[in-house]
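Reader: Could you walk me through this model, a pocket and some charged pairs, and spell out your cut-offs as you go?

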Amino acid sequence: MHDIFDIACNFTSERFDGDLEEIINRAIKNNVTKFGLICSRVKDFPRLINIYNNFNNFVNFVIGDVRNFNDVLSVLKGLIETFGWKPIEENKCIIGLKKDTANITLEPGGQLELSGAPLDNVHETCMEVANHLAEVKTIADRIEAGFIGLGAAPIWKQSDMPVMPKGRYKLMAPYMEKVGSHGTQMMFRTCTVQVNLDYSSELDMVKKFRVALALQPIATALFSASPFFEGKETGYSSYRARIWQDTDKDRTGMLPFVFDDGFGFEAWVDYALDVPMYFVHRNGEYLNALGQSFRDFLNGKLPALPNQK
């Protein structure tokens, strides 16, 4: 997914060092941080699920130290104690939150991801995102932290990024290094908004799919918000889009077959079944199935789990 919308908010000179402040001010001046959303409505049963990512900028980074999981954990605990979110744990470690039909999860480099509730229209989504931003800002202010709504981390290097304590990321990161030159940059140093649209029929799905793919280059240009990387101007309005061009060719990029005559559910399932797997989650553990076939998994022929489905 490319940058659909990115939000830059609440920057103060007290919270950021001079270099970062200059980067943010230049970004705002050049109007590279924009707010927008592309969506459509299903005729019979409209539902829109919104996933909103923030890059976290915590106090340890502000005073010059490398960011760490304890700072991320402080935000999660603050949301639990103040706003009634419930913890999601893995190996007795908080890795996310849940409340009603929404979730907050941790991305590999400490990005907070709001997986919103199914909603009827973009106005409800806007209210949900605004409420989320208000909550995280309340906690961030309390611990003297901040959030950066950009498509790519503007100054941090790969070695600066912590690894969140989720089993899947321990498998994904080494694999990403093998299948593309920018995979770990995507994991640890990018974020965005994803728009998920329901559909009322196979024909409706095909129409939405084709329109969404065709609009991707336009959306990338309109809502680009990542011109800086490792403290430098990249020459791209959306360096995040550049990163995705060499992340994993088996699961990213344009899909020409979607525009073929006769495209529908069956063609999509055939494609999805042959996308290489990452893992199988069994009994709370992530079993290494990197590069193996989900089609083989369904047939009980997966090398990682022979004779199991």
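**The second largest pocket**

Author: Helix H4 gives the most to the lining of the second largest pocket, with four residues, where helices (H or I, at least four residues) and strands (E, at least two) are DSSP runs numbered from the N terminus. This is a predicted model, in which local features need pLDDT of at least 70, side-chain atom pairs count only at pLDDT 80 or more, and totals for chains, interfaces and linings use all residues. Residues are numbered from 1 along each chain as its sequence is written, and side-chain values use heavy atoms, with hydrogens and water left out.

Reader: How much space lies in that second largest pocket, and what counts as a pocket?

Author: About 170 Å³ of space lies in the second largest pocket, the volume being the space filled by probe spheres set on grid points joined across faces, edges and corners. A pocket is an open set of points on a 1 Å grid over the protein atoms alone, where a 1.4 Å probe fits, with protein on both sides within 12 Å along at least five of seven lines, and its lining residues have an atom within 4 Å of a point.

Reader: Which residues line the second largest pocket?

Author: Among them are Trp85, Asp100, Glu128, His132 and Glu135. By class, the lining has four nonpolar, three polar and four charged residues, with Ala, Val, Leu, Ile, Met, Phe, Trp, Tyr, Cys and Pro counted as nonpolar, Asp, Glu, Lys and Arg as charged, and the others, Gly among them, as polar.

Reader: Switching topic, how many salt bridges are there?

Author: The count comes to seven salt bridges, each a side-chain nitrogen of Lys or Arg within 4 Å of a carboxyl oxygen of Asp or Glu. One of them joins the side chains of Asp141 and Lys137 (2.8 Å, N to O), and both residues lie in helix H4 (residues 122-142), four residues apart, about one turn of the helix.
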